[in-house]
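User: I am new to this structure. Please walk me through it and tell me what the terms rest on.

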Amino acid sequence: MKNKLFIMMLVLVMGVLAACGTKDNNASDTGSTTDTEGKQVLKVGTSADYAPFEYVDAAKGEEIIGFDIDLIKLVGEKIGVDMQVQDMDFNSLVPALQAGKIDVVISGMTPNPEREKVVDFSDKYNETEQVILVKKDSGIKKEADLAGKKIGVQTASIQENLGNEIAKKVDVTVEGRTRIPEIVQDMMSKRLDAGILEGGVAKGYLKTNDQLEAFPVEEQPEDFKAIAVPKGSDLKDKINKALKELAEEGKIKELEEKWLEKVE
């Protein structure tokens, strides 16, 4: 009886361990999942400090909103998946995509040679201009006036590259910040003299702060936004097809009219 009881307990324990092993092998806290209806869910990384593309309007709630967010949801509808958006620091987005922690990145991101080595990009979905944001009483009206000044840029962004290019022509110190609001806050507190921002993003600050003004960067780089996916992923073709259809249907134009304005 003891032997039979022992064998029965042993079989039961082995069954439990086997079930646990199966769960561990199939489960993952990264990459796509499925919802309760069996629909695929893709994890979308964004840096929600980039109004009007992706941001949180604290007065209305904690939801991430903006042009990019509306766009990626429309893309999800086209390819038949749910897009689950999560906020991350901009400089951690590409590493997170490489590591499989997220499936897609949409965050006002511009493809460049360094990024294209490690991730794939969709076709472009938006083009914009770059501007230099300053306080009206700063006396800075053009790039030459930046001599001896400190200019803020978002770390790992196209604006950081642009700041370094300007620094080759003008004796200016370029300082990185993790989030866009930090640049503006440090300008207001005089820890920075200026900041390089995308035109649409700067427009939001100009609307809400009458102490600020902006002027275009003298040499505008080719600046367009694209959606990033893991290297070799079939998502690239699916997203490109969705973007093309959305453009043909006028949906992207509608989002531009809803969210975006150029600096005047």
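User: Why is Ala156 called partly exposed?

Analyst: The relative accessible area of Ala156 is 32%. Buried means under 20%, exposed over 50%, and partly exposed in between (1.4 Å probe, protein chains only). So Ala156 counts as partly exposed. This is a predicted model: local features need pLDDT of at least 70, side-chain atom pairs count only at pLDDT 80 or more, and totals for chains, interfaces and linings use all residues. Residues are numbered from 1 along each chain as its sequence is written, and side-chain values use heavy atoms, with hydrogens and water left out.

User: What makes the phi of Ala156 worth a remark?

Analyst: Its phi is positive, about 70°, although Ala156 is not a glycine. Most residues other than glycine have a negative phi. Ala156 sits in the loop between β11 (150–154) and α5 (158–169). Helices (H or I, at least four residues) and strands (E, at least two) are DSSP runs, numbered from the N terminus.

User: Is Lys190 buried or exposed, and how do you know?

Analyst: Lys190 has a relative accessible area of 67%. That is over 50%, so Lys190 is exposed. Lys190 also has a positive phi of about 70°. Its place is in the loop between α6 and β13 (194–198).

User: What joins Ala51 and Pro52?

Analyst: A cis peptide bond, with omega about 10°. Most peptide bonds are trans. Pro52 lies in the loop between β3 and β4.
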